[in-house]
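Me: I have a model open beside its sequence, and I would like to learn how to read it one feature at a time. Could we go through it together?

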Amino acid sequence: LPFFGFYLNSSTTDTAAVFLLLSIVALGAGLALGGALAVSLLLYSKRWHERLRDRLASDGITTGEVQWFSAELTSNERETLADIQKTNPLLADAYLETLASRLTATRIIMRMKREVVNVDRRINRARYLEGADTSSLLHELNSDREQLDKLEAETNARLAETKARLQTIEAAASRTLGRTETDLMLRRLSAAQEHLPLSIEMERMEQEVSEVEGDQLDSPLNAEHRDSITP
């Protein structure tokens, strides 16, 4: 901006060209610096949120902490949660609690898989270690591997139960919403059938009035009266 201001206030062509070139160079450098700063801030924010989620999930995810794990929710879970919160707060609390359990189980399984990979690497290194007795080490590592497999199987079973519970709550919410909408539509339909629209009622009344007037004009008295006044 200062270089561009100097360009506008330049008295000679050469000076104006120099300040115009400097303003363009400064603009490009500012854009590059701003882009680098924005990218670094985004990466720092992402890393900070990951550390925060890991810290929150270290002792289990609670209902109030689900909002910090929205990136780990599926699109269907986010949409369902938003719909249930609008229609049924009680079911929304149950759905949030079940989501917290699902997120916790998923994170435990991911951690178990990383631990299994690490244990397998230690077992492979111990097997190919020469010049040392590794039987006790392999026994301990195999025991750790079996324990991890048991924990992973148990967590998978809990995760399956949690997913089934989520579907149950989702079905109950959709059933309640469907009944509410259906009852409202039936009430409106009944009201529309019991009371004719105003325009139709007015049209019917006008037609009746016109028919009555036509009958009066066609009556014998009106005919004699027209004949008496005819020249």
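**Reading contacts, burial and helix packing**

Reply: Leaving aside the neighbours within four places in sequence, R145 is in contact with V116, V119 and D120. Please keep in mind throughout that this is a predicted model.

Me: In which helix is R145 found, and how far apart are R145 and D120 in sequence and in space?

Reply: R145 is found in helix α5, which covers residues 135-194. R145 and D120 are 25 residues apart in sequence, and their C-alpha atoms are 7.8 Å apart in space.

Me: Why is R145 called partly exposed rather than buried or exposed?

Reply: The general idea is a pair of cut-offs, since buried means under 20% relative accessible area and exposed means over 50%, with partly exposed in between. R145 has a relative accessible area of 23%, and therefore it counts as partly exposed.

Me: What does Y7 touch, not counting residues up to four places away in sequence?

Reply: Y7, whose place is in helix α1 (residues 2-8), touches A16, F19 and L20 when those sequence neighbours are set aside. Y7 and S23 are 16 residues apart along the chain, and their C-alpha atoms are separated by 8.2 Å. At 28% relative accessibility, Y7 counts as partly exposed.

Me: Where is R102 found, and why does R102 count as buried?

Reply: R102 is found in helix α4, which runs over residues 89-127. R102 counts as buried because its relative accessibility is 7%, where buried means under 20%. With neighbours within four places in sequence left aside, R102 is in contact with E72, L73, T74 and E77, and also with L159, T162, K163 and L166.

Me: How should I read the packing of α3 and α4, and at what angle do they pack?

Reply: The general idea is to take the angle between the N-to-C directions of the two axes, where a value over 145 degrees counts as roughly antiparallel. Here helix α3 (residues 75-87) and α4 pack at an angle of about 155°, with their axes 7 Å apart, which means that α3 is roughly antiparallel to α4. The crossing in which α3 passes α4 is left-handed.

Me: Which residues of α3 and α4 meet?

Reply: From α3 come E77, T80, L81, I84, Q85 and T87, and these meet P89, L91, A92, Y95, L96, L99 and R102 in α4. Sorted by class, the contact of α3 with α4 has 8 nonpolar, 3 polar and 2 charged residues.

Notes
Residues numbered from 1 in each chain as written. Predicted model: local features only at pLDDT ≥ 70, side-chain atom pairs only at ≥ 80, totals over all residues. Heavy atoms only, no water. Helix = DSSP H or I, 4+ residues; strand = E, 2+ residues; numbered from the N terminus. Buried < 20%, exposed > 50% of the residue type's maximum accessible area, 1.4 Å probe, protein only. Contact = heavy atoms within 4.5 Å. Axes fitted to C-alpha atoms, helices over the stretch in contact; angles between N-to-C directions. Parallel < 35°, antiparallel > 145°, perpendicular 65-115°, else oblique. Left-handed = near helix turned anticlockwise from the far one by under 90°. Nonpolar A, V, L, I, M, F, W, Y, C, P; charged D, E, K, R; others polar.
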